[in-house]
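The questions below go through a few local features of one model, beginning with a cavity and its lining.

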Amino acid sequence: MIADLLKRWRLVDIGINLTDAMYQGKYQGKRYHTADIADVVRRGSAVGVSGMLITGSNVKESELAIKLCEQFNSDEMQCFCSVGCHPTRCSEFVKDPQAYYDRLDKLITEHSVHHGGCVAAIGEVGLDYDRLFFCPAEIQLQYFERQLDLVEKHKLPLFLHDRNTGGDFHKVITRNRSRLHGGVVHSFTGTQEELQQYLELGFFIGVNGCSLKTEENLKVVRQIPLDRILCETDGPWCDVRNTHASRTLLNSAAGRYETKQCASDTILSRYETCKKEKFREGCLVKGRCEPCHMVTVIEVIYELKKEDGKTLEEVAAVIYENTTKLFPFQSPHDRKTSEA
């Protein structure tokens, strides 16, 4: 059953920070092992991930995200990326705002999917008032709105970040709504009220392990219409941990299987896990999330939505179709057909 599922389903990780140094073996500035980013991509492909949207968080990382798309795009793994400046990095604009904006604009102009390139979204942009020690709110607000000029110019969807903003995020989006071209609020951890606001604005909702930590998180995610959910890992962060409510949910589901493991655990059991200090080639690094963990996110969503009567494969198929409404992903079969 699991082997058949892997052959059929199509998963897209719409939020993967593949530019992060952890995939180069560095953690908090210290190198623990050799780069294994190629293995990270291969593992994702092996469990059914056929696409990745690599996150750009500032000019430098956006440039690297474009290079990673060029490096890893293949028949098995379709790669796109976002270009933008994360709210906690918006102080980078201050020294020369126009020059910084122009560098983002140039990257998008030269690499937009509208011109055969890999840039498929403006982001990661938004507001984050949980970490004002990185960047003051007034600067975040100024350059969030400035980057919406890029959306209007390039007609690309938004990859959005919103944390504890007291309604400011909603105000910015609402007054600029006519300039926008859709988007996804990624790494959703909000309330039922915030969810309703996002849905009314027409956004998709990005769900990852951080979206599924608590019972309250699960309650709210259960209320997201299935046709508005996108899935992501936000790796190397946001893994599903043993202390999370989502893990309890999966453990309760394991009894339905002969292996007494939930489907995602069975899929991932093909890989050994090691600590970064004792790294072995081909292993998953404990505590480091990567695209193959998409299978866990999908299964949690299935457990939350299964009363709708859909199978795990059908839930994954709906989420894949949602993804293609916002980003230009195609299945490997469809890509080969269109190229023929």
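Q: Which elements each supply at least two residues of the lining of the largest cavity?
A: This is a predicted model. The residues that line the largest cavity are Arg10, Leu11, Val12, Met294, Ile298, Ala316, Ile319, Tyr320 and Thr323. At least two lining residues each come from β1 (11–16), α11 (294–305) and α12 (312–326).

Q: Which element gives the largest share of the lining of the largest cavity?
A: Among the lining residues are Ala316, Ile319, Tyr320 and Thr323. The range of α12 is 312–326. With four residues, the largest share is that of α12.

Q: How many nonpolar residues does the lining of the largest cavity have?
A: Ile298 and Thr323 are among the residues of the lining, as is Arg10. By class, one lining residue is polar and one is charged, and the number of nonpolar residues is seven.

Q: How much space lies in the largest cavity?
A: The count of cavities of 30 Å³ or more comes to one. The space in the largest cavity is about 40 Å³.

Q: Are α3 and α4 roughly parallel or roughly antiparallel to each other?
A: The axes of helix α3 (residues 59–72) and helix α4 (residues 97–111) come within 10 Å and cross at roughly 15°. Angles under 35 degrees count as roughly parallel. The two helices, α3 and α4, are therefore roughly parallel to each other.

Q: Is the crossing of α3 and α4 left-handed or right-handed?
A: The axes of the two helices cross at roughly 15°. The crossing of α3 and α4 is left-handed.

Q: How many charged residues are in the contact of α3 with α4?
A: From α3, the contact is made by Val59, Ser62, Glu63, Ile66 and Glu70, and from α4 by Tyr100, Arg103, Leu104, Leu107 and His111. Five residues of this contact are nonpolar and two are polar, while the number of charged ones is three.

Q: Where does Glu124 lie?
A: Most peptide bonds are trans. Gly123 and Glu124 are joined by a cis peptide bond, with omega about 10°. Glu124 lies in residues 119–128, strand β6.

Q: In which loop does Pro236 lie?
A: A cis peptide bond also joins Gly235 and Pro236, and its omega is about 15°. The loop that holds Pro236 is between β10 (229–231) and α9 (245–253).

Q: What is phi of Ser187?
A: Ser187 has its place in the loop between β8 (183–185) and α7 (192–200). Most residues other than glycine have a negative phi. Ser187 is a residue other than glycine with a positive value, near 50°.

Terms used: Residues are numbered from 1 along each chain as its sequence is written. This is a predicted model: local features need pLDDT of at least 70, side-chain atom pairs count only at pLDDT 80 or more; totals for chains, interfaces and linings use all residues. Side-chain values use heavy atoms; hydrogens and water are left out. Axes are lines fitted to C-alpha atoms, for helices over the stretch in contact, and angles run from 0 to 180 degrees between N-to-C directions. Angles under 35 degrees count as roughly parallel, over 145 as roughly antiparallel, 65 to 115 as roughly perpendicular and the rest as oblique. A crossing is left-handed if the near helix is turned anticlockwise from the far one by less than a right angle, and right-handed if clockwise. Contact means heavy atoms within 4.5 Å. Ala, Val, Leu, Ile, Met, Phe, Trp, Tyr, Cys and Pro count as nonpolar, Asp, Glu, Lys and Arg as charged, and the others, Gly among them, as polar. On a 1 Å grid over the protein atoms alone, a cavity is a set of points where a 1.4 Å probe fits but cannot get out, and a pocket is an open set with protein on both sides within 12 Å along at least five of seven lines; lining residues have an atom within 4 Å of a point. Grid points are joined across faces, edges and corners, and a volume is the space filled by probe spheres set on the points.
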